[in-house]
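The structure is shown first, and the notes follow by topic.

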Amino acid sequence: MAVEAVDWTVAQTTNIAEHKGAQRVRTSHVGGRGMVFTPLHLGNYDVSALVNLTGGVRTTVSRTLVSRYVRRSIRAMSGANRDKFFAAAHVLATTDYSVGLALYGDDFNTITNFTKIHLNNAGTRNTDHLHDGLGFLTQHAAMTMAFERSLRSVDAAISVPYWDFTYDAESFLTGSNFTTNDPALLWTLDVWGEDWFGNASGSKYHTIETGRWAWQKVAVVDHEDPAIHNAYGLLRAPWNTNKSPFLTRAHSMCAHETFSLTDWPSCEEHYTLAFAYASWYEWGWAVQYSPHGAVHKMVGGYVNCGDLVERAKGFLPPSAVGQFAESLVEIPKNLWRSYLVEYPDYCSEDTPQDQCHVQCDYSAGKIGKDEWTAAAYEGDNPQWIRNLSHKEWNDFYELYCDTPMAPGEQLESASPADISFWPIHPTLERLLIYTRLVHKFSDALDYVYDNFEWSHCDDTPFAFPKLDDAQSISETAKSVQPRTHKPRARKLARKPAAQP
């Protein structure tokens, strides 16, 4: 028997209330067997095909189609969809918040506001709420979701892509491709194209000079809505005294050849993370460092170092110079958080960069090596510092205190200002989901509950929907509002007290 015609019916069955009506499609295909259907909303769709066969035979086939957003590799996206992502992100970077709210609705937010959130949580003096702890991945996942909602207020079809950065180094390190360990090769890859992340390599200003993100300005603090900022009033960490008004990418630590391709996270780091850690506790700590941290470090880097490296070579061996340069990831903020150095609260716009830098207290004498090292390295004591003579230590201390070195945004608390920040953490979230699929963490829950029923509430206005009632769950979730006050005590009907 041959197919004469197929009558298709598609009807949305869940998530209807949010969209004020279900999406429905009816269509017939004479002699055809397929149709193309594009869901407009998240939710479940009942799909049925009434197949008309020769001889008057008819049969019906039904299935449920599930519509979800998909986070795709930034390299695997179609050119059109990738451009939509970057175009919407550019709207978030260039639109005033109040204007965006009026145009796009309550989910709209700006990259400046996301930068403030990150600064206010990671740039304080006494603590970092986003890094160096088990909150790292969950906090960044939550911020990515908020960013994603904001993107969808501009274009409802967008998801944040993930950037599998392990591909980048492997492109040059695998097999016959390995001809040099030069990290400059990284910046020749597609993600640094003009209409993707933009490219700052070769810029004497250490910024993007062409393309969509050219000459991106760093936001200035709004004193009516204050946020952590640097001495010049720019939304940068307090230990970043960079005066440049433009987003900064240095790709090196004080122009020292510290990095190599093998520093970039590779398949090995992510493979190890997926299989070598038995517990979530171990995994959650490890994910922050070698599997991801080098991306921020090698993109951001350090600028405004003057002749620091050359002067340091006068009393430090080459290996020590490299170790010091690479340790700039942590030294400035650690010393500041230990109250061993200060950074100026204010530098006027006309203050030269070389006069706005870390402030060391010489009045009580120079800080001793042991005290400085314990703070800078959080308890570690590198051999190169232990080897310094008294005079070499004094020379090094003065050199450090007189240099206005500054990190690029990706290496400090203002990192969300750089568009390359946003696809980084979905990569780690994806790796976590894979890890949980391939093995169970030893500290995972080892119990289940007998049921999820609150039958005593069924006769109240607060009857809990049954787990198999997806429509009721969806509608309830939309209608219940969080409490903003303490619950009021119920007034219970009581029998009057017995009279004596």
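**Cysteines and a helix contact**

Cys 356 is buried, its relative accessible area being 0%. The model is a predicted one. Three disulfides are counted in it, and with the bonded cysteines numbered in sequence order the pairing runs 1-2, 3-4, 5-6.

**Disulfide Cys 347 to Cys 356**
- The sulfur atoms of Cys 347 and Cys 356 lie 2.1 Å apart, and the two residues form a disulfide.
- This link of Cys 347 and Cys 356 is right-handed, with 95 degrees about the S-S bond.
- Cys 347 has a relative accessible area of 6% and is therefore buried.

**Disulfide Cys 360 to Cys 401**
- Cys 360 and Cys 401 are joined in a disulfide, with 2.0 Å between their sulfur atoms.
- The link of Cys 360 and Cys 401 is left-handed, at -95 degrees about the S-S bond.
- Distant parts of the chain are linked by this pair: Cys 360 belongs to strand E7 (residues 359-360) and Cys 401 to helix H15 (residues 390-401), 41 residues apart.
- Cys 360 counts as buried at 15% relative accessibility, and Cys 401 counts as buried at 2%.

**Disulfide Cys 254 to Cys 305**
- A disulfide with an S to S distance of 2.0 Å joins Cys 254 to Cys 305.
- The link of Cys 254 and Cys 305 is left-handed, with -60 degrees about the S-S bond.
- The pair connects distant parts of the chain, 51 residues apart: Cys 254 sits in the loop between helix H6 (166-173) and H7, and Cys 305 in the loop between strand E5 (302-303) and helix H10 (308-312).
- Cys 254 has a relative accessible area of 7%, so it is buried; Cys 305 likewise counts as buried, at 7% relative accessibility.

**Two further cysteines**
- Cys 267 has a relative accessible area of 41% and is partly exposed, because the value lies between the 20% and 50% cut-offs.
- Cys 457 is buried, with a relative accessible area of 15%.

**Packing of H7 and H16**
- Helix H7 (residues 267-275) packs with helix H16 (residues 424-438) at an angle of about 40 degrees, and their axes are 9 Å apart.
- That angle makes H7 oblique to H16.
- The crossing of H7 past H16 is right-handed.
- H7 contributes His 270, Leu 273, Ala 274 and Phe 275 to the contact, and H16 contributes Thr 427, Leu 428, Leu 431, Tyr 434, Thr 435 and Val 438.
- Of the residues in the contact of H7 with H16, seven are nonpolar, three are polar and none is charged.

Terms used:
Residues are numbered from 1 along each chain as its sequence is written. This is a predicted model: local features need pLDDT of at least 70, side-chain atom pairs count only at pLDDT 80 or more; totals for chains, interfaces and linings use all residues. Side-chain values use heavy atoms; hydrogens and water are left out. Axes are lines fitted to C-alpha atoms, for helices over the stretch in contact, and angles run from 0 to 180 degrees between N-to-C directions. Helices (H or I, at least four residues) and strands (E, at least two) are DSSP runs, numbered from the N terminus. Angles under 35 degrees count as roughly parallel, over 145 as roughly antiparallel, 65 to 115 as roughly perpendicular and the rest as oblique. A crossing is left-handed if the near helix is turned anticlockwise from the far one by less than a right angle, and right-handed if clockwise. Contact means heavy atoms within 4.5 Å. Ala, Val, Leu, Ile, Met, Phe, Trp, Tyr, Cys and Pro count as nonpolar, Asp, Glu, Lys and Arg as charged, and the others, Gly among them, as polar. A disulfide is a pair of cysteine sulfur atoms within 2.5 Å. Buried means under 20% relative accessible area, exposed over 50%, partly exposed in between (1.4 Å probe, protein chains only).
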